[in-house]
Amino acid sequence: MSVLSIQSHVVHGYVGNKAATFPLQLLGFDVDPLNTVQFSNHTGYPVFRGERLEGTQFQTLVEGLRLNGLLGAYSHVLTGYVGRPSSLEAICDLVEQLKQARPSTTIFVDPVMGDEGKLYVPSELLPIYRDKLLRLSHIVTPNSFEAELLTGAPVRTAERACEALRQIHALGPRVVIITSAELEGDPGRLHLFASISEGGSADGPPAPSVRGITISFAKRTGWFTGTGDLFAALMLAHLGSIGDLTFEGLAAGCEKAVWTMQQVLAKTAEAAAEEAASAERVGDGAAVARARELRIVQSRDLIMAPQRVASRALA
Ligand code: ADP
Ligand code: PLP
Ligand code: ZN
C-alpha cells in the first residue's frame with residue numbers, strides 16, 4: 001500500500017505531513033509526501049513564516065512523477081491543508097486523472113478549512129471542496145465546523161449531525177466521518193459521527209442505505225493542533241481500501257483511531273503540563289504552542305498496537 005499525501009510541511013512540530021507520515025509508515029504504508037506549504041511552524045504560534053505552493057508548482061511536481069511513471073502506484077491519495085485555491089483546483093485535476101488510470105485508488109479528503117468558527121484558509125476553498133473535490137472522494141473527515149461550512153447549518157445536536165452525514169454523502173463520498181462535535185446539553189464531552197452508504201448500483205435500485213455509528217469521549221481542556229491530521233492518517237490506515245470496506249470495518253477503524261488519539265493526547269498533555277504552565281505564567285505564546293506539540297514519536301508503540309473504544313450504532 002502506498003499513499004500520496006498532499007498536506008502541509010512544518011520545520012518544527014507535528015501538523016500536516018509531519019503528523020501523518022510517520023504513523024502511516026509505522027502502520028505499514030509507503031508515504032510520498034507532497035508539501036502544499038512549507039512553514040516554520042503551525043499557524044497557532046504567535047508568528048509563522050514560509051511559502052504556499054502555487055497550482056503551477058504543484059503541476060510541475062506532478063509532471064515529474066508522471067514522466068517517470070510514478071503516478072500509477074498509489075493505493076491511496078490523502079489530502080489535508082491546502083493554502084491556495086489554484087493548488088486545490090490542481091489537486092482536483094490530479095485526482096480525476098488518477099481515478100481514471102486506476103479506479104481502485106482510494107481518495108481520502110480531509111477538507112481542512114478551520115476550527116471553532118474560524119477559517120484558516122482562503123474562503124474560496126469552500127466551493128471547490130463542496131462542489132468538486134468531495135464529488136471525486138471516497139472518504140471525508142470534516143471537523144464539526146467544516147461539516148457546518150459544507151452543509152450550511154450548525155452541528156450541535158445528534159439529530160443534526162446525522163442529517164449532516166446524509167447531506168455530505170449527497171456531495172459524493174461513500175464514507176463521512178465528523179471527527180468531533182460538542183453537543184448542546186452535554187458539555188465536556190465530544191462525539192464522533194461516522195457513516196457509510198452501502199448498496200447503491202449504477203443501474204438504479206436498490207437505493208443506497210446509510211449506516212452509522214457514534215463514539216463519545218471526554219473533551220480534554222486546552223487546544224492541540226494537528227489532531228485532525230493525525231486522526232486522518234490513522235483512519236486511512238485502519239480503513240484500508242474503500243473497495244473492501246464494510247460497516248463493521250468502518251466501526252472498527254473509528255474505534256481504533258479514537259483509542260490511539262486519546263493515548264497520544266494523554267501523553268501530550270502529561271508532557272506539556274509543566275512546560276505549558278510555566279510558559280503561560282510568563283505569557284510566552286510560542287513556548288505554550290511548543291509545549292503542546294503532539295508527542296507522536298513518543299507514542300510509536302501505541303500507534304502500532306491499537307486497542308478499541310466502544311461505539312454505538314446510529315438508529
Ligand atoms: P481537527 O483537529 O481537524 O479540528 P478534531 O478536533 O475533531 O479535528 O480532532 C480529531 C480527533 O482528535 C477527534 O476525533 C478526537 O479523537 C481527538 N481530539 C481532538 N481534540 C480533542 C480534545 N480536546 N479532547 C479529546 N480528543 C480530542
Ligand atoms: N497545517 C498547518 C500548517 C496548520 O497550521 C494547521 C492548523 O493550524 C493544520 C495543518 C491543521 O491542523 P488540524 O489537524 O488541527 O486541523
Ligand atoms: Zn483538521
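These legends describe a predicted model of a protein chain, view by view. Residues are numbered from 1 along each chain as its sequence is written, chains are lettered from A and ligands numbered from 1 in the order in which they are written, and side-chain values use heavy atoms, without hydrogens and water. In this predicted model, local features need pLDDT of at least 70 and side-chain atom pairs count only at pLDDT 80 or more, while totals for chains, interfaces and linings use all residues.

**View 1. The whole chain.** The chain has ten helices and twelve strands (DSSP runs numbered from the N terminus: helices are H or I, at least four residues; strands are E, at least two). Along the principal axes, its C-alpha atoms fill a box of roughly 65 × 50 × 35 Å. Of the contacts with a separation of 6 or more, 72% join residues 24 or more positions apart; contact means heavy atoms within 4.5 Å.

**View 2. Helix α5.** Helix α5 covers residues 144–151 and is largely enclosed by the rest of the structure, because seven of its eight residues are buried. Buried means under 20% relative accessible area, exposed over 50%, and partly exposed in between (1.4 Å probe, protein chains only). The buried residues of α5 are Ser144, Phe145, Glu146, Ala147, Glu148, Leu150 and Thr151. They pack against strands β6 (114–115), β7 (118–119) and β9 (175–181), and against helices α4 and α6 (158–169). In the chain as a whole, 50% of the 315 residues count as buried.

**View 3. Arginine 135.** Arginine 135 is part of helix α4, residues 125–136. Leaving aside residues up to four places away in sequence, arginine 135 touches Ala170, Leu171 and Gly172.

View 4. Cysteine 162 is in no disulfide, and the nearest cysteine sulfur, that of cysteine 254, is 14 Å away. Cysteine 162 counts as buried because its relative accessibility is 19%. Cysteine 92 also counts as buried, at 0% relative accessibility.

Key. A disulfide is a pair of cysteine sulfur atoms within 2.5 Å.
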